[in-house]
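Trainee: Hello! Could you walk me through this model, one question at a time?

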Number of protein chains: 2
Amino acid sequence: MTSWAERVLAGDVRAISRALSAIEDGRAEAEHLLRQLFPHTGRAAIVGITGAPGSGKSTLVDRLAGRYRREGRTVGIVAVDPSSPFTGGAILGDRIRMQGHAADRGVFIRSMATRGWLGGLAERTAEAAWVLDAAGKDVILVETVGVGQDEVEVARLADCTVVVLVPGMGDDVQNLKAGLMEIADVFVVNKADLPDAGRFERQLRAMLEMAPERDGWRPRLLPTVAIEDQGTAPLAEAIDQFAAAMRGKGRESQRRIEHWKRRLVLLLERRLAERVSRQIDERALDALAIQVAAREKDPYAAVDEALAKAGIA
Amino acid sequence: MTSWAERVLAGDVRAISRALSAIEDGRAEAEHLLRQLFPHTGRAAIVGITGAPGSGKSTLVDRLAGRYRREGRTVGIVAVDPSSPFTGGAILGDRIRMQGHAADRGVFIRSMATRGWLGGLAERTAEAAWVLDAAGKDVILVETVGVGQDEVEVARLADCTVVVLVPGMGDDVQNLKAGLMEIADVFVVNKADLPDAGRFERQLRAMLEMAPERDGWRPRLLPTVAIEDQGTAPLAEAIDQFAAAMRGKGRESQRRIEHWKRRLVLLLERRLAERVSRQIDERALDALAIQVAAREKDPYAAVDEALAKAGIA
């Protein structure tokens with residue numbers, strides 16, 4: 001074992017930071033480190049928190065972190081900044097509010113920029129959580145804006161997925177139904193002090209009552225006012241109850257196996273994509289692109305030719 | 001040539017619809033058809049239109065389509081519904097406004113649902129445009145919500161990328177800067193009748209003046225009030241000017257080559273992903289996931305084993 005992995009396992013902040021940067025940049029050394037850390041993972045509770053921009057996710061994460069700390073649990077926070085040109089600045093702005101935890105060595109916070117990643121978002125975020133798990137954090141909160149497919153997948157790769165809604169965001173709750181039901185273990189109605197909150201919560205609750213159980217668990221719904229730290233305790237409890245339910249019914253393993261199947265497929269695809277970028281040379285690709293642009297060759301024929309040349313065919 | 005391809009080339013609405021469904025579902029027959037259609041593509045102007053939810057993209061697309069029709073040009077519209085649980089219903093709702101074109105055989109409108117696609121969004125949308133190009137549409141408008149990475153990539157795969165902004169969406173225009181500059185050929189400030197529009201437009205214009213030229217083109221900025229059909233004519237003109245500039249400076253081909261390089265890489269990755277799902281058997285993956293969940297094997301070792309078994313290693 002290298003001293004880098006040992007230092008991560010000992011909770012060394014700089015070693016952890018370096019590990020997350022290596023993952024972020026897609027550096028080869030990350031894989032070597034992750035493999036060494038892997039046997040030491042599986043202890044942390046990994047909680048994915050997603051919601052629309054402006055739903056108050058970051059504040060909620062901040063309050064949850066505070067609560068876990070008061071209970072003596074250590075916390076890792078991974079905030080995914082999808083680097084969409086339209087949401088780019090907002091999330092990093094929210095992070096400034098987290099400075100309250102800056103002096104607390106029991107909290108590790110990392111905002112992951114994703115500019116230039118096309119795909120791989122969910123997998124890399126899961127790897128960041130894997131480092132923090134190995135580093136001994138008790139709870140890992142993975143925060144992501146629920147705006148695109150990859151972003152939602154980030155939250156799905158957690159053990160427990162929390163979906164944050166706000167009253168009035170969906171004029172028609174029915175529109176949200178199918179997609180949310182598939183991913184949420186716990187719903188939060190944040191900003192529950194807004195005038196419309198009661199009606200919104202009732203609609204959601206009616207929807208949840210019709211939902212089938214999944215792994216013996218029916219999604220919970222909890223109102224919060226994150227900015228006032230209201231409702232955080234019952235939320236933390238619901239997350240713990242979910243974890244206990246999964247363990248207690250022996251279903252945690254089935255869920256974990258499904259989880260790993262999904263991740264292995266993602267990893268397989270990434271492995272192959274890496275091979276493509278390594279083995280297909282740039283000049284050959286240029287030549288093929290010129291032929292395709294001139295309509296002399298169709299893109300599928302070009303790709304098959306490139307694969308054959310790279311010996312992957 | 002099969003009669004399916006012939007019917008698409010003849011502009012047969014049912015044949016086109018079937019082709020887009022095949023692409024949407026990722027059916028193998030789509031590739032066969034696309035290869036036959038490919039030599040007949042490259043004639044249409046493909047315009048990507050992206051913006052945050054609520055920016056009025058759909059109305060703008062509707063008005064642009066109306067304008068092109070009055071000029072005698074045929075139009076294809078591909079609207080990508082990213083199926084994020086948070087935005088799920090909104091785009092399809094917008095489509096209802098398009099019904100004004102329903103009786104016009106010169107407009108083909110298709111909303112593409114993307115539920116269950118992980119990755120491949122940009123590539124499949126580009127393939128849909130490829131069908132409409134072959135089918136003889138003069139202008140193809142590809143509309144996507146600029147919310148996630150894949151969604152933004154959709155707009156980048158067009159010949160000309162239009163980014164729709166609304167006053168007040170960015171309190172701090174600077175935050176939007178880097179990402180938008182990379183993708184936009186034309187900026188639209190929609191809802192330009194809002195009180196704050198003047199200030200917003202001035203800020204953006206100042207930003208654009210500092211931007212470097214790209215391919216000899218500096219992004220234009222055009223105010224519109226799409227709902228009133230104001231500003232659509234200058235916008236359509238700017239799009240035409242962009243196309244002419246790219247052609248006139250002989251740069252279109254360079255841009256097209258870069259475009260095809262990016263698409264070939266995406267296609268290579270998809271090809272390999274398809275091979276993974278075909279050659280890795282489900283039971284082997286189950287067995288590996290169980291070992292990984294139990295921490296008996298690390299995910300990288302599992303993936304390498306799976307690739308070796310599938311003969312791809």
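This is a predicted model: local features need pLDDT of at least 70, side-chain atom pairs count only at pLDDT 80 or more; totals for chains, interfaces and linings use all residues.

Trainee: What is the phi of A:Lys191, and is the residue buried or exposed?

Mentor: A:Lys191 is not a glycine, yet its phi is positive, at about 55 degrees. For burial, we count C-beta atoms: 20 or more others within 10 Å make a residue buried. A:Lys191 has 24 within 10 Å, so it is buried.

Trainee: How many C-beta neighbours does B:Lys191 have inside 10 Å?

Mentor: First find B:Lys191 in the loop between S6 and H9 of chain B. This residue is not a glycine either, and its phi is positive at about 55 degrees. B:Lys191 counts as buried because its number of C-beta neighbours inside 10 Å is 24.

Trainee: Let's step back to chain A. What percentage of its residues are buried?

Mentor: Chain A holds 13 helices and seven strands. Among its contacts with a separation of 6 or more, 75% are between residues 24 or more positions apart. Of the 313 residues in chain A, the buried share is 48%.

Trainee: Now for chain B. Which residues of strand S6 are buried on each side?

Mentor: In a regular strand, side chains alternate between the two faces of the sheet. Strand S6 of chain B spans residues 186–189, and both of its faces are covered. The buried residues are B:Val186 and B:Val188 on one side, with B:Phe187 and B:Val189 on the other.

Trainee: Which residue in S7(B) is the bridge partner of B:Phe187?

Mentor: S6(B) has parallel pairings to trace here. Four bridges join it to S5(B), residues 160–165, where B:Val162 stands opposite B:Val186. Another pairing is with S7(B), residues 220–223, again parallel and with four bridges. In S7(B), the partner of B:Phe187 is B:Leu221.

Trainee: What handedness does the β-α-β unit with S6(B) and S7(B) have?

Mentor: Follow the chain from S6(B) through helix H9, residues 197–210, to S7(B). The two strands run parallel. Together with the helix they make a β-α-β unit that is right-handed.

Trainee: In S5(B), which residue is the bridge partner of B:Val47?

Mentor: Start at strand S1 of chain B, residues 45–51, where six of the seven residues are buried. S1(B) pairs in the parallel sense with S4(B), residues 139–145, over seven bridges, and B:Gly48 stands opposite B:Val142 there. S1(B) also pairs in the parallel sense with S5(B), over five bridges. In S5(B), the partner of B:Val47 is B:Cys160.

Trainee: How do helices H2 and H6 of chain B pack, and which residues of H6(B) meet H2(B)?

Mentor: H2(B), residues 13–24, and H6(B), residues 121–134, have axes 10 Å apart and an angle of about 165 degrees. Angles over 145 count as roughly antiparallel, so H2(B) is roughly antiparallel to H6(B). Their crossing is right-handed. From H2(B) come B:Ile16, B:Ala19, B:Leu20, B:Ile23 and B:Glu24, and they meet B:Arg124, B:Glu127, B:Ala128 and B:Val131.

How values were computed: Residues are numbered from 1 along each chain as its sequence is written. Chains are lettered from A and ligands numbered from 1 in the order in which they are written. A residue is buried if 20 or more other C-beta atoms lie within 10 Å of its own, exposed if 12 or fewer, and partly exposed in between; C-beta atoms are placed from the backbone. Two strands pair if DSSP finds at least two bridges between them. A crossover is right-handed if, with the strands pointing away from the viewer, the path from the first strand over the helix to the second runs clockwise. Axes are lines fitted to C-alpha atoms, for helices over the stretch in contact, and angles run from 0 to 180 degrees between N-to-C directions. Angles under 35 degrees count as roughly parallel, over 145 as roughly antiparallel, 65 to 115 as roughly perpendicular and the rest as oblique. A crossing is left-handed if the near helix is turned anticlockwise from the far one by less than a right angle, and right-handed if clockwise. Two residues are in contact if their C-beta atoms, placed from the backbone, lie within 7 Å.
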